[in-house]
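This briefing concerns selected side-chain interactions in a protein structure.

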Amino acid sequence: MEQRRRQTWSKRTKWVAYMIILVTFWSRASGQFRYSISEEEKEGTAVGNIAKDVGVDKTTLKDRGYRIVYGTTEPPFRVNQDDGILYVNRKIDREEVCDRSKVCLIDFKVVLENPLEVHYVAVEILDVNDHSPSFPEREKSLEISESALPGARFQLQAARDADSGSLSVQQYKLSLNEHFRLEVKDRGEDRKTPSLILQKPLDRESAKTHALLLTAIDGGNPPRSGNMKIIVDVSDVNDNPPVFTQDSYTVQLKENSPFGTTVIQVNATDLDEGSNGEVVYSFGNDVDTRARSRFDLNPVTGVITVAGAIDFEECSRYEIDIQASDKGAATLATEKSVIIHIVDVNDNAPEIEVTSFSRALPEDSKPGTTVALISVKDSDSGLNGKVMCYISQDIPFMLTPSLQNNMYSLVTKLLLDREQQSQYIVTIVGKDAGAPSLSSEKTIHMDVSDVNDNNPVFSQNPYTFYITENNNPGASILSLTARDDDEGSNARISYHILRDTGGTHLFTSFLNVNSENGEILALKGFDFETLKTFQFQVVATDSGTPSLSSNVTVNVFILDQNDNAPVILYPVSSNGSAEGVEEIPRNVNAGHLVTKVRAYDADIGYNGWLLFSLQEVTDHSLFGLDRYTGQIRTLRSFTETDEAEHKLVILVKDNGNVSLSATATVLVKVVEPKEAFAASDVKSVTKNEEENNVTFYLMITLGSVSTLFLISIIVLIAMQCSKTTDYTSKYLQETNYDGTLCHSIQYRSGDKRYMLVGPRMSIGSTIVPGSHANTLVLPDRRGTSGEVRLICGDEC
């Protein structure tokens, strides 16, 4: 820089010397004259005597037309033609004529005519200190950044002084200031340029402006000066980052808060000004996408609001970096973490999950058997996530907690019975401890599988059936049913008859049972007269493993049919026909017993109830027949006119629906008393023989009946000992029945009433089912729907 200045000064010096030489040479060649005068001289001031200097007689000046030639404007000088002296024509301001030229010359020509003669004149205007230095601006504003370093130069505009040379600005002064000093650079040609030099760093936050006074002083005597006020505005430099008002930000936010809910407002300040102090808020670069989707940040106010679904179970804590940055060219930023703790709300019901489950549980499972494993969870926390499980019904199951949290075992607490309940719907309730509490349910369908723990059960025990004799062989005579409360093969029942291996009841060999439906088939027909009652046992067995069985006693009573005609026991002739001869004295009185017709019917009851009637008689006025006893008696005494022989045909008829009958013929011979006595002896012998035969038959019959009675009584006693309900307890003594033929006892079984009728016996005797008796149906005095069955003995 210094070398360049020296080169410029050398060039200027050479140019001035060259111009002086050129002017001198030109002056000599052209006759140029030069004068000097101070500026601001008054009009009429003498500059010089041109006539004398040119060598012209002043008296000839007028004649030769002596004048000044000066362009188109009025010349600043004039020549007096009388004396040839050059005078100031008007006040000359050097600064106006020459501005700031170092040498101010006014050139003009002096012309002489007749003969023409031209002279060149140069008048140098000498400068006078008539101007004070002045600055282009009275007040100068500078903006200096506070970041400017010491030594920074700030060039100022130089002061202007219309004077030149030594009268121009010679020096500058600066008011005292610790931050600045003045440095002046001399550029030559009266050009001095002042500059402010920063000697101490500025701080806008300490002082925003600095007021300086710059004074320019010229070289006059006395010197003139001019001032310029310099206002230095310290421009802000973004040297202060935003500062948050709090060291930390922590806030709690309830989950499920609605959109737009204000979470927190952060605040930061910046000591800088303008854009450097204008704070803008934004999420830090490290904030994840999830947090950005859940929250919004107002860049101007710093308010954080809810912008997405807040779910504690998804995230219980958010740590968001908030960046506060200014708007300076070189942005400064500060980050602060905002910690948002999500407060759990009880918005999640417990979740119940069956992790292991046995769908079929055997009914013989012991108490404490594990049925299922239950796990429960609640996504909430604290009390909101504490879950209590229980079963809502009164069922034989319970929940037992396991060692692992939120795990339960569903176990049996009682013995199960599939026959009482084959399926359970277990409702497990999970309820948390939140406020308000939330709960959920889980339903488990539990099937109880069957175990063969039930024996077949017959619908009746014992069974009592009444079967009419002469049934068709191979046909079903009765049916048994049993049920089993088990299911499947455990409830599939088969039937069989329990055979008597001892051979006591051989009749069971004539019975067969359908193993599937329990129908009993008789392989032969029954004869009431041979067998009146029998008993056997049927076994029902299920198909379980192991199988279970039950047996039932079946009492069968054979019902009589009128299939036997009456048999005449007396009279009986030697050839077996029912004919007899009776001799009676003629002198017998009325009511004399002639004879008694005796008959027997193997049937019993009404079928064996015999009635006697005279089918044929020679004289109805002589003989009468008792219809019940068969006794033939005389109705009157014999007369001489009555015939000596009479024929009586007696009809013996039973009372069956289809009545069967037999006839007996009695010949009655009327003899004289002596003959009668003789005949009576013979007859008595014969009669004794006949009576002996009849007595023999009656003894056999009564012995058979008695034997059957004894067997029935023994069976009844055995049944009474083994069963709580028997027939003997139902016997009712009928005192109002006055039977002519038989004695009767009534009994009740179920909704039916029975009357047993048999041979005469003591009133305290007992007739039981199974005796040689039959049944007649009679109206029941106790109800319209009941029946009374009359059971009659053999002698009826």
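In this predicted model, Asn-452 is in contact with Asp-484, Asp-486, Asn-490, Asp-542, Gly-544, Thr-545, Pro-546, Ser-547 and Leu-548, when its neighbours within four places in sequence are left aside. Asn-452 is located in the loop between strand E31 (439–449) and strand E32 (457–458). Its relative accessibility is 13%, so Asn-452 counts as buried, the limit being under 20%.

**Surroundings of Asn-452**

- The side chain of Asn-452 makes a polar contact of 3.2 Å with the side chain of Asp-542.
- A polar atom of the Asn-452 side chain also lies 2.8 Å from the backbone oxygen of Pro-546.
- Asn-452 and Ser-543 are 91 residues apart along the chain, and their C-alpha atoms are separated by 8.8 Å.

**Salt bridges in the whole structure**

- Side chains of opposite charge can pair when their charged atoms come close.
- A search of the whole structure finds 19 salt bridges.

**The pair Arg-64 and Glu-117**

- Arg-64 forms a salt bridge with Glu-117, and the closest N and O atoms of this pair are 3.2 Å apart.
- Arg-64 counts as buried at 15% relative accessibility, while Glu-117 is partly exposed with a relative accessible area of 24%.

**The pair Arg-418 and Glu-487**

- Between Arg-418 and Glu-487 there is a salt bridge whose closest N and O atoms are 3.5 Å apart.
- Arg-418 lies in the loop between strand E29 (407–412) and strand E30 (423–432), and Glu-487 lies in the loop between strand E35 (482–483) and strand E36 (493–498), so the pair ties together parts that are 69 residues apart in sequence.
- Arg-418 has a relative accessibility of 8% and counts as buried; Glu-487, at 40%, counts as partly exposed.
- Salt bridges that share partners join Arg-418, Glu-419, Asp-450 and Glu-487 into one network.

**The pair Asp-485 and Arg-483**

- Asp-485 forms a salt bridge with Arg-483, with the closest N and O atoms 2.4 Å apart.
- Asp-485 counts as partly exposed at 35% relative accessibility.

How values were computed
Residues numbered from 1 in each chain as written. Predicted model: local features only at pLDDT ≥ 70, side-chain atom pairs only at ≥ 80, totals over all residues. Heavy atoms only, no water. Salt bridge = Lys/Arg side-chain N within 4 Å of Asp/Glu carboxyl O. Buried < 20%, exposed > 50% of the residue type's maximum accessible area, 1.4 Å probe, protein only. Helix = DSSP H or I, 4+ residues; strand = E, 2+ residues; numbered from the N terminus. Contact = heavy atoms within 4.5 Å. Polar contact = N/O pair within 3.5 Å; in protein donor to acceptor, adjacent residues only side chain to side chain.
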